[in-house]
Amino acid sequence: MRKLLLGTAALMVLAAPAFAADLPAPTYTKAPAYTAPEVVYNWTGFYIGGHVGGAFAGDNNISGNDGQFLGGVQIGADYQFTRNWVVGLEAQYSWLPSNDNGGLAFPGGSLVTQDNRGLGSVTGRLGYTWGPALLYAKGGYAFRDSSLDLSNTGVGVPFTTSGNHRDGYTVGAGLEYMFAPNWSAKVEYQYYDFGNTTFTGGPPDVLGASVRNDEHTVKAGLNYRFGWGGPAVAKY
């Protein structure tokens, strides 16, 4: 029995290389390359924020076209209705320092002054988003906190005008960037047009005179977002 076992073991050792030669070569599978998750930003939700910037009156304005500092607040809501498109509504108000520019003087001694204390708007906006950025256009109703005065040789005199220098329209465009969860920063240009003011009554030297009422503004702002659609998410 001992010789039989030894012979069987020896036979298996001699046959092992032959069996190994008949086996197929092992195959190796390369691990797939790592793909970072795609971050999808959600702009849907309410927001509130503030802004600072400058206002510049257009040509032929009573207040001249020197720049004025402005600062204000905004509140709004956005809805991201497709992967790349956002629609929203925004209310905004900007405070302006009181004007002290001497006003508009006429040859007969009349002086027209205007004090613009603030600019406001209620606008719709439409934006295209990619990643954390949102490029948008806006437009709608504009209003202005403003007073108009007329004096002749330093004495206030009554007058009448045509046109409404307090209500008008506004258009603008901007770029907003979501730099952290619930926080976004923006820069935007906004134009306000309140039409023309024509003097229909008052001293003879101002009768028929017409002035523009428009403002160009540039603003930088910061928003805090209460997103009802959830924060940015990662898609694998």
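The numbered points below describe a predicted model, moving from the overall fold to single residues.

1. Overall make-up. The protein contains 1 helix and 13 strands, and in sequence order these elements follow the pattern α-β-β-β-β-β-β-β-β-β-β-β-β-β, so that the helix comes before the strands because elements are numbered from the N terminus. Of the 236 residues, 36% count as buried.

2. Contacts along the chain. When contacts between residues at least 6 apart in sequence are considered, 68% of them join residues at least 24 apart. An individual case is given by Glu90 and Phe46, which are 44 residues apart along the chain and whose C-alpha atoms are separated by 9.8 Å.

3. In soluble globular proteins, nonpolar side chains tend to be buried together. The largest nonpolar core of this model has 9 residues, namely Ile62, Phe106, Val112, Leu148, Leu150, Phe199, Val206, Ala209 and Val211. Apart from this core lies another one, of 7 residues, which includes Leu96, Leu119, Ala142 and Tyr192.

4. Glu90, a buried acidic residue. Glu90 is placed in strand S4, which spans residues 85–95, and it counts as buried because its relative accessibility is 3%, below the 20% limit used for that term. The side chain of Glu90 is joined to that of Tyr47 by a polar contact of 2.7 Å, and to that of Gln92 by another of 3.3 Å. Beyond its neighbours within four places in sequence, Glu90 is in contact with a set of residues including Gln74, Ile75, Gly76, Ser121, Val122, Thr123 and Lys186.

5. Lys138, the partner of Glu90. Lys138 is found in strand S7 and, at 6% relative accessibility, is likewise counted as buried. Its side chain makes a polar contact of 2.8 Å with the side chain of Glu90, and a further polar contact, of 3.2 Å, joins the side chains of Lys138 and Glu188. The residues that Lys138 contacts, apart from those within four places in sequence, include Gln92, Thr123, Gly124, Arg125, Thr170, Val171, Gly172, Ala173 and Gln190.

6. Asp193 and Arg212. Asp193 lies in strand S11 and is buried, with a relative accessible area of 10%. A polar contact of 3.2 Å links its side chain to the side chain of Arg212. Not counting residues up to four places away in sequence, Asp193 touches Gly168, Tyr169, Arg212, Asn213 and Asp214.

7. Aromatic residues. The structure holds 9 aromatic pairs. One of them is formed by Trp183 and Tyr224, which are edge-to-face, with 5.0 Å from centre to centre and 70 degrees between the planes. This pair links distant parts of the chain, since Trp183 belongs to strand S11 (residues 183–201) and Tyr224 to strand S12 (residues 210–226), 41 residues apart. Trp183 is partly exposed, with a relative accessible area of 34%, and Tyr224 also counts as partly exposed, at 29%. Elsewhere, Tyr93, Trp95, Tyr141 and Phe143 form one aromatic cluster, while Arg125 lies over the face of Tyr136, at 4.4 Å from the ring centre.

8. Two backbone points to inspect. Most residues other than glycine have a negative phi, and most peptide bonds are trans. Thr153, although not a glycine, has a positive phi of about 50 degrees; Thr153 lies in the loop between strand S7 (133–152) and strand S8 (155–156), and is exposed, with a relative accessible area of 63%. Asn182, which is not a glycine either, has a positive phi of about 75 degrees; Asn182 lies in the loop between strand S10 (167–180) and S11, and at 32% relative accessibility it counts as partly exposed.

Key:
Residues are numbered from 1 along each chain as its sequence is written. This is a predicted model: local features need pLDDT of at least 70, side-chain atom pairs count only at pLDDT 80 or more; totals for chains, interfaces and linings use all residues. Side-chain values use heavy atoms; hydrogens and water are left out. Rings of Phe, Tyr and Trp (its six-membered ring) pair if their centres lie within 6.5 Å; planes under 30 degrees apart count as stacked, over 60 as edge-to-face and the rest as tilted. Helices (H or I, at least four residues) and strands (E, at least two) are DSSP runs, numbered from the N terminus. Buried means under 20% relative accessible area, exposed over 50%, partly exposed in between (1.4 Å probe, protein chains only). A charge sits over a ring if NZ of Lys or CZ of Arg is within 6 Å of the ring centre and within 35 degrees of the ring normal. A polar contact is a pair of N or O atoms within 3.5 Å; within protein, one must be able to donate a hydrogen and the other to accept it, and residues adjacent in sequence count only if both atoms are side-chain atoms. Contact means heavy atoms within 4.5 Å. A nonpolar core is a set of buried Ala, Val, Leu, Ile, Met, Phe, Trp, Tyr and Cys residues joined through side-chain atoms within 4.5 Å.
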